[in-house]
Amino acid sequence: MKRSAAVRLSATLATAALAAATGLVVSTSSASAAVSGSATGYATQNGGTTGGAGGQTVRATTGTAIHSALCSRASSSTPITIEVQGTINHGNTTKVSGSSCNTAAGVIELKQISNVTIVGVGSGAVFDQLGIHIRESSNIIIQNVTVRNVKKSGSPISNGGDAIGMESDVRNIWVDHTTLEASGGESEGYDGLFDMKDNTQYVTLSYSILRNSGRGGLIGSSESDRSNGYVTFHHNKYENIDSRTPLLRGGISHIYNNHYVNLHESGINSRAGARAKVDNNYFKDSKDVLGTFYTSEAGYWQVSGNIFDNVTWSSRSGDNQPAGPNPTSNTSVSIPYSYSLDNANCVPDVVNRTAGANKGNQVSNGNCTPQNPGPTDPTTPPTDPTDPPTGTNLSLGAGADGSSKASGTSYGNVIDGNLGSYWSPSGSTGSVSVKWSSATSVSKISIREAAGSEGGIRNWRVLNNDTGAVLASGSGAGVISFAKTSLKKVTFEITSSNGSPRVAEFETYSG
């Protein structure tokens, strides 16, 4: 049902008033390329992880503003990118109510929501004594932030003492280039830095620093909590930690190219049937860095290419079953995604140069050389939804066709200049094309989703239908640029989606 103009104006004024009071800067543009690179590891599976791509971008300087941004969306799944700058703490984080959110004071609450990016910008974002809690949510990206000194006892307390905690039916989370740190162990009031439990799956932690804590993190809260898994840890630095780097209970994990320094009691603790593929990591000045510890319920590992530098190993006895001093594989793990391994001997250097917040979000190229993240094809410019095309929309007056169309929709709806009509494929994937009777030069297209279905489009390709050449690929709706091409037919192919994708307009421009 459409709201009246008066209702829409009232909602707009209310949002503006709330923004002024909370430190939320509202932008009407779609999400820019605030996030560097794209998801890796298991976060690329199960439909992928794109966060708030294709949605509005706002800037927040308080925790209340972050909650306000979530609550101001049209729905709990409307995509949004929240750029965070400054220090977020208990003093500026209150509960905000709304139909598209479920927040709480004293914690960044990402509960019963989807399609959200939180990214640190400017001089940096620090969550001070304030944890990030993800519950019953999916498709979340957290990048370039610091979370420090979150306590479960003492004062103030937040998030059960976890820097980032996930629980209860969580899917597709990518945490990248973060710094997660404490100032002691459980006796000082801290718990884990990166915890997953109660059916959390398809998670990647990459290029992050975890340090100065008793516990690095866990997958599964008890020996019976085995519904978690499909987690990738790569290019992270674990430093000055007692144990749990991580602790694995059930499920599958891929752990590669991490740098471990000063693990005091134990490291990767695979137990309760967990299986871990442990490749090309560098362990230094540590104890019992891999094995099954503190339980009689064994876990398993496949190892290759790791370096153990001044690592000490306990003797095997009872509930302590270290993998060393010469770790060998006792299982086999198949990885469904592609990845590039750095040699273990260069991991300390490449991780020290890339991991953590405010490092420029650099990544490794698989040859031990840090580089700025970019599109897979360097000749293809990235999607830039904030750069509106200028000139004539060549789709008006052109023709349209496609692979399939859902009942009640039409290919012609994408070229009619009307945002109220749309095309949908008959399934979750499909293609729609704009065509001309003679060759036409095109260098930009703008894919505009129908109101209420923003974020439905995940991954896509743009094709020169005359030749079959891929002109561009990426994720999320918006403006897509490519080298100017003369063609008679250009195709937008949706290769994965969230729900039912709806394209209101497929605009084309010469540029």
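How many aromatic pairs does the structure hold? In this predicted model, the count comes to 12 aromatic pairs. A stacked example is formed by phenylalanine 283 and phenylalanine 308, whose rings sit 5.2 Å apart centre to centre, with 5 degrees between the planes. Phenylalanine 283 belongs to strand S23 (residues 282–287) and phenylalanine 308 to strand S26 (residues 307–312), so this pair ties together parts that are 25 residues apart in sequence. Phenylalanine 308, at 29% relative accessibility, counts as partly exposed.

Another aromatic pair brings together phenylalanine 293 and tyrosine 294, and its geometry is tilted: the centres are 6.0 Å apart and the planes make an angle of 45 degrees. Here phenylalanine 293 is buried, at 1% relative accessibility, whereas tyrosine 294 is partly exposed, with a relative accessible area of 42%.

Tyrosines also come together in a group. One aromatic cluster is formed by Tyr42, Tyr202, Tyr230, Tyr256, Tyr337 and Tyr339.

Attention now turns to serine 253, a residue of strand S19, which runs over residues 252–256. Is serine 253 buried or exposed? With a relative accessible area of 2%, serine 253 is buried. Which residues surround it, leaving aside neighbours within four places in sequence? Serine 253 is in contact with Ile219, Val231, Phe233 and Leu248, and also with Arg275, Ala276 and Lys277.

Terms used
Residues numbered from 1 in each chain as written. Predicted model: local features only at pLDDT ≥ 70, side-chain atom pairs only at ≥ 80, totals over all residues. Heavy atoms only, no water. Helix = DSSP H or I, 4+ residues; strand = E, 2+ residues; numbered from the N terminus. Buried < 20%, exposed > 50% of the residue type's maximum accessible area, 1.4 Å probe, protein only. Contact = heavy atoms within 4.5 Å. Phe/Tyr/Trp six-rings, centres within 6.5 Å; stacked < 30°, edge-to-face > 60°.
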